[in-house]
Amino acid sequence: MLFSPWCALEEQFIANVSSPASAARARRSGRVGLATASRSTSDPHPAEMATHELHPNDTLTTLKMESENLKAKLEEERAKLHDVELHQVAEKIEALGQFVMKTRRTLKGHGNKVLCMDWCKDKRRIVSSSQDGKVIVWDAFTTNKEHAVTMPCTWVMACAYAPSGCAVACGGLDNKCSVYPLSLDKNENLAAKKKSVAMHTNYLSACSFTNSDMQILTSSGDGTCALWDVESGQLLQSFHGHGADVLCLDLAPSETGNTFVSGGCDKKANVWDMRSGQCIQSFETHESDINSVRYYPSGDAFASGSDDATCRLYDLRADREVAIYSKESIIFGASSVDFSLSGRLLFGGYNDYTINVWDVLKGNRVSILFGHENRVSTLRVSPDGTAFCSGSWDHTLRIWA
Amino acid sequence: MIMHIFRVFPQMEQVIVAMQDPDLGIKMKNQRLLITVIPHAMTGNDIVEWLMKKYSIMEEEALHVGDLLVRHGYIYPLKEPRNLVLRPDESPYRFQTPYFWSSQQWPASELDYAIYLTKKNIRKQGQLIDYEKENYNLLHKRINHTWDFVVMQAKEQLRASKQRRKADRIVLECQEQAYWLINRPPVECLTPRLSQRDRGKQSNTKCEHSSRMSLMHSDWSLAVTFPSSFIKYSEQYFSHDPMMHGCPPSNPWITDDITHWALNTNTVSTPTKLRVERWSFRFMELLSDPLGRLKFMEYLEKEFSAENLCFWEACEDIRHGENSRIPQKVQEVYKQFLAPGASKWVNVDSKTMEKTLEGLRRPNRFVMDDAQMHIYFLMKKDSYPRYLKSDLYKNLLVKAIAPQETKRSVFPFMRRHRHSSPNPALVAQALEEDGKAKRLGSPRITSPATSP
């Protein structure tokens with residue numbers, strides 16, 4: 001059910017100018033821009049070229065030139081569509097008022113840099129992992145620590161809470177993703193029941209459960225993403241296409257629930273079909289590593305945070321970048337991003353120890369939050385949108401509301 | 001990931017260069033340091049004010065940015081050289097000479113560091129600080145064979161500096177000290193930092209990128225033409241977003257009052273108004289809320305079309321369940337929903353049915369996808385809109401709770417007791433034990449997460 005704007009535009013071209021009658025019809029219905037505007041006496045119309053039959057004189061080079069020409073014209077028309085369509089609408093939106101957010105809880109207990117965190121579906125518990133190999137489950141509301149696991153490796157860069165709340169997954173420099181069922185028996189060693197699920201050939205950078213406790217999606221420094229069956233540890237699907245380390249991923253909240261996006265050191269953000277393993281869309285506008293990707297709540301777009309000190313928004317249906325969130329005074333890279341519940345706000349954790357809050361629609365920065373004493377490495381909004389949690393190299397996690 | 005810090009140098013250097021612009025930069029003056037006058041210096045205040053003006057930012061942010069520049073060695077303090085912090089007052093600061101910038105490919109070798117420490121040792125006998133003493137001794141052991149050279153170099157450099165004017169001498173000493181404070185090799189392994197080699201390569205390409213970037217972007221970000229769908233979505237959810245609109249009766253994180261959560265559990269008898277309203281936004285909202293799905297099921301049962309939702313749920317279970325149980329589950333679903341004469345037969349079009357039956361020969365996770373999607377859209381286009389117009393739904397809306405937003409408590413400093421909640425793992429464990437007692441051998445379907 002994928003909408004490919006390229007196909008649609010091409011079809012319109014060809015349809016509009018296949019006959020003078022249809023061209024006239026197009027003009028009347030208002031789709032002038034596409035059909036007739038690009039008509040000039042000098043160069044041949046792209047649609048005519050598209051329906052051009054193959055001649056014996058057509059060499060590979062002339063065909064290539066034609067296709068490049070077509071592409072350029074299509075891009076031109078595509079740009080026109082966007083300029084006319086919605087330029088004014090963004091200005092009509094009311095600007096946001098004064099924004100006040102404070103640290104409401106500080107979670108202290110990690111002995112080293114906090115690298116990753118995730119929320120439990122109960123809206124108050126979180127799991128966090130750090131450089132010293134410790135994975136801790138907290139009730140963030142009371143700030144009590146409820147479980148702790150010591151991984152056999154350091155730099156636990158990824159952790160995730162299972163949807164049922166009964167297990168956590170984590171991994172890092174051990175190249176694996178392991179699932180720990182959470183036991184409430186104080187005497188039981190959580191590490192004993194550990195299940196090794198994913199196996200990569202380089203570090204694990206991110207992991208996420210899909211809609212149930214039974215499947216895990218992982219991304220790795222080996223340049224691939226993979227989908228695993230938790231029970232058997234079997235590889236269900238692998239995703240190849242990134243040219244370098246994959247640093248982050250996020251599952252789409254769409255109705256059909258079959259896609260996810262990943263970002264990597266090759267500056268690309270790729271959208272994948274989980275069934276076929278194919279990369280269905282790719283975006284390359286960042287100028288450096290993409291550290292974090294997150295879907296807009298409706299699933300129609302996603303945001304990314306990168307070492308180039310910008311965050312960007314990509315529209316999946318329009319197949320292009322639609323906004324850049326940056327400021328000259330922000331020099332350090334963004335390590336993690338997430339949206340507020342309505343998608344109006346984008347929170348970005350940066351390597352200069354701050355958190356910048358952006359107005360997604362109007363594009364300006366609404367607020368800057370100070371508090372952490374070292375770089376912010378991870379940031380997630382809670383499932384019901386009442387707060388967000390940030391983890392930092394200063395060994396602490398903070399809940400902001 | 002760990003090397004990222006080095007990619008920032010060209011951007012920081014751009015800021016520094018702008019600061020030193022003869023027309024638009026900071027106005028340099030002579031600053032007094034005790035009895036000596038240092039030329040070309042500025043105060044902490046000057047730096048903060050310049051940043052505020054140039055980037056249209058508030059004082060707190062300007063102080064933060066300036067502080068980062070000091071910490072990375074581009075600006076150093078004259079008064080307390082060891083304390084690399086920006087003070088927004090009359091404290092004097094100076095720009096570090098580019099020769100000593102951390103981004104230069106200058107290898108901070110052991111030899112140079114040894115010479116520096118020796119100079120210091122000779123100049124101020126026994127005034128090396130602890131880590132410097134340690135390093136000095138370590139180096140003395142490590143490069144003992146060239147120690148004569150080190151001492152000779154140190155003495156020579158000291159002699160040359162004595163011939164300079166006092167002001168210049170102080171400046172050079174400060175520059176050197178600032179450089180070594182940041183770039184000194186780590187104590188355990190006194191080897192030239194490998195990162196220096198990478199730095200050079202990266203800083204060149206980064207320079208191009210950053211200059212291109214600054215050409216492209218203005219001060220505010222490029223909020224380009226925005227699809228109206230995003231605007232509509234954000235507007236629709238505005239009052240449901242606790243960060244934009246508040247959270248009735250109050251945000252638990254702010255007031256320590258968990259009423260908001262208690263009112264929105266999955267087992268509550270009367271849902272809140274906001275929650276019921278949200279179910280009307282889109283079909284997926286209704287289905288993904290366990291309470292919403294329950295209420296919808298009640299409605300479908302009245303309409304004798306509950307099998308559609310049951311089928312959809314069973315398909316979800318196949319898609320997201322254990323790999324090993326797929327063949328068994330697929331067979332059960334076929335028997336219950338698709339086979340001719342099935343007890344809960346669902347109406348799937350012939351083409352889809354054909355395709356599904358074909359796929360049943362080799363059951364996999366996705367074999368029910370087409371049929372599931374067909375039934376999903378059937379419910380979405382038909383049952384769902386009718387549900388929203390039904391009395392059942394309208395009654396829910398009328399009876400729904402709409403708690404008042406409470407004002408801040410009169411005594412804000414009196415902290416409420418923060419109640420703990422049962423761990424979901426515990427709840428699940430208890431349910432399982434309960435279920436074991438009641439179960440009669442029928443297969444267990446994993447239920448979605450229940451929030452306490």
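How much of the chain is helix and how much is strand over residues 282-397 of chain B? Keep that question in mind as we walk through this predicted model. The span is 74% helix and 0% strand, and its end C-alpha atoms are 16 Å apart. UniProt, in an unreviewed entry, places the feature "domain: RGS" at these residues of chain B.

Now turn to another stretch of chain B, residues 22-97, where UniProt places the feature "domain: DEP", again from an unreviewed entry. Here you will find both kinds of element: the span is 33% helix and 26% strand. The end C-alpha atoms of residues 22-97 lie 16 Å apart.

With those two regions of chain B located, let us look at how chain B meets chain A. On the chain B side, 87 residues are in contact with 104 residues of chain A. Together the two chains bury about 8400 Å² between them, and 61% of that area is on carbon and sulfur atoms.

The interface also has charged and polar pairings to explore. There are 3 salt bridges across the interface of chain B and chain A. For a salt bridge you can find by eye, look for Arg365(A) and Glu61(B), whose side chains meet at 2.5 Å, N to O. Between chain B and chain A, 26 residue pairs are in polar contact, with both residues at pLDDT 80 or more.

Which helix of chain B gives the largest share of the side that touches chain A? That is helix α9, residues 228-237, with 7 residues. Taken as a whole, the side of chain B that touches chain A divides into 44 nonpolar, 26 polar and 17 charged residues.

Notes:
Residues numbered from 1 in each chain as written. Chains lettered and ligands numbered in written order. Predicted model: local features only at pLDDT ≥ 70, side-chain atom pairs only at ≥ 80, totals over all residues. Heavy atoms only, no water. UniProt positions renumbered as here; feature names shortened; annotations may be inferred. Helix = DSSP H or I, 4+ residues; strand = E, 2+ residues; numbered from the N terminus. Contact = heavy atoms within 4.5 Å. Buried area = accessible area lost by both parts, 1.4 Å probe. Salt bridge = Lys/Arg side-chain N within 4 Å of Asp/Glu carboxyl O. Polar contact = N/O pair within 3.5 Å; in protein donor to acceptor, adjacent residues only side chain to side chain. Nonpolar A, V, L, I, M, F, W, Y, C, P; charged D, E, K, R; others polar.
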